[in-house]
Each structure stands twice: as structure tokens, then as C-alpha cells.
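Biologist: Before we look at the model together, could you take me through the terms that you attach to it, and set each value against its definition?

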Amino acid sequence: MIRRTLALHLLVAACGSLLALACDPPQCIESPATTPLDLAACETPPVAVDPQIAGAHAEWLENGDLVITWTSLGLECGTRAENVELTSDCERTGWVFTVEIPAALAVAGTIDMDAHPEVVGTMTVMGPSGSGKTGTIGDEPFFTGQLELTQLDAGCVTGVLHGFGSGIPDPTLGGPELNGGFLAPTC
């Protein structure tokens with residue numbers, strides 16, 4: 001009887017664990033931001049990678065525009081800030097920044113974000129005291145600082161961020177200010 005009760009408890013515990021995994025909300029499951037193979041096409045940026053960036057990726061659009069996403073979370077390549085769901089089912093702390101750079105600016109060089117409202121920006125910030133999404137509205141620049149692009153090709157976009165962020169001083173609401181290199185494999 002004791003052996004049967006112990007076996008039953010183990011079976012129930014195992015089934016409960018499987019159900020918990022099966023019912024984990026998809027927005028809570030995070031994949032690795034990049035793998036070593038993803039970075040093979042990337043040149044090393046001229047300065048150290050910003051330690052706040054857990055992952056980055058880039059996408060070339062058919063019209064020649066360039067989309068770059070930086071994040072503190074492990075997100076699947078192609079996930080943009082506007083795609084990250086805010087839900088009470090999953091407590092996460094982190095941020096996602098996405099920019100869409102017009103083809104004319106998607107060349108090696110430095111973009112002063114304050115001078116280019118045509119660069120569309122979106123961000124999602126999640127924290128214990130609240131979460132939110134916002135993005136470009138009208139013809140005002142969304143992000144501040146500078147985005148220096150050093151390598152742009154089909155496999156990777158590499159560069160340096162100088163004081164790059166939302167300009168909102170509260171990191172809980174505005175995310176971090178990024179200073180350092182990045183490697184963004186393309187999707």
C-alpha cells in the first residue's frame with residue numbers, strides 16, 4: 001500500500017510538471033538571442049559590446065530599409081519591440097528597442113537620432129512596477145543619441161551606440177541608455 005501511494009504521488013508530480021510545461025504561456029518562453037553560428041558573419045565592432053544588450057538582430061526589408069532590434073531578453077530573430085506581448089501571466093523585466101532606418105541612411109556612418117525623425121522607433125519596457133510600449137508619433141525623433149553603422153551586409157550589421165536610448169530618464173519607463181558596440185546577425 002505504501003509503495004502504491006508513493007508511486008501514485010510520483011506519477012501525479014510528474015504529470016503536474018508536464019502540465020505546467022504544456023501550459024506555460026508562449027510569451028514567457030524565451031529562446032537564445034543568438035548562437036555562435038549567427039555571429040560568424042559579423043565583424044567585431046570597434047569598441048566593446050554594450051553589456052546591457054543580451055541580443056540583437058537585423059532585417060533588410062524589400063524596399064532597402066534596415067530594421068535593427070536590441071534587447072535585454074533572449075528573443076527569436078525577427079521579433080520586434082511591437083511584437084513583444086505585455087501580459088500579467090508572465091512577469092518579465094527587460095527591454096526591447098527597434099529602429100527602422102530608411103534605405104538612404106542605411107549606410108556606413110553615424111546617424112544623429114535627434115536630427116532624423118524619419119527613423120521610426122519603437123520600444124517595449126517591462127518591469128515589476130509596470131510595463132509599456134511606445135513608438136514614433138508624428139515627425140518627432142523617437143530615440144536620442146547616435147547610431148554608428150560600421151558593417152552592413154547580407155549576413156550582419158555591426159556598429160556602435162553612443163548615448164542611444166529613449167531620453168526618458170527613468171530606466172523603468174524608458175529603458176537603458178546604451179553605449180557600446182553591437183553585433184546584429186540578419187534574419
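Modeller: Phe-164 touches Trp-70, Phe-97, Val-99, Met-113, Phe-143, Thr-144, Gly-145, Gln-146, Pro-176, Glu-177 and Leu-178, where residues up to four places away in sequence are not counted and contact means heavy atoms within 4.5 Å. This is a predicted model, in which local features need pLDDT of at least 70 and side-chain atom pairs count only at pLDDT 80 or more, whereas totals for chains, interfaces and linings use all residues. Residues are numbered from 1 along each chain as its sequence is written, and side-chain values use heavy atoms, with hydrogens and water left out.

Biologist: What makes the set that includes Phe-164 a nonpolar core?

Modeller: The term covers buried Ala, Val, Leu, Ile, Met, Phe, Trp, Tyr and Cys residues joined through side-chain atoms within 4.5 Å. The largest such core has 27 residues, and those with the most contacts inside it are Ile-68, Trp-70, Val-99, Ile-101, Leu-147, Phe-164 and Phe-182. At least two residues of this core come from each of S1 (55-60), S2 (66-71), S3, S5 (120-127), S7 (144-152), S8 and S9, these strands being DSSP runs of E with at least two residues, numbered from the N terminus. The largest share, four residues, is that of S3. Apart from this core lies another, of six residues, among them Leu-73, Leu-75, Val-84 and Met-126.

Biologist: Why is Ile-68 called buried?

Modeller: Buried means under 20% relative accessible area, exposed means over 50%, and partly exposed lies in between, with a 1.4 Å probe and protein chains only. Ile-68 has a relative accessible area of 0%, and is therefore buried. Ile-68 is placed in strand S2, and its contacts beyond four places in sequence include His-57, Thr-98, Val-157 and Phe-182.

Biologist: Why is the pair of Trp-95 and Phe-97 called tilted?

Modeller: Rings of Phe, Tyr and Trp (its six-membered ring) pair if their centres lie within 6.5 Å, and planes under 30 degrees apart count as stacked, over 60 as edge-to-face and the rest as tilted. The ring centres of Trp-95 and Phe-97 are 5.0 Å apart and their planes stand at 45°, so the pair is tilted. Both residues are buried, and together with Trp-70, Phe-142, Phe-143, Phe-164 and Phe-182 they form one aromatic cluster.

Biologist: What makes S8 and S9 paired strands?

Modeller: Two strands pair if DSSP finds at least two bridges between them, and S8 (residues 156-165) pairs with S9 in the antiparallel sense over seven bridges. In S9, Ala-184 stands opposite Val-157, and Phe-182 is the bridge partner of Gly-159.

Biologist: Why are S4 and S9 said to stand at the edges?

Modeller: Four strands form an open antiparallel sheet in the order S4-S7-S8-S9. Strand S4 (109-112) and strand S9 (178-185) each have a single partner strand, so one side of each is left without a neighbour in the sheet.
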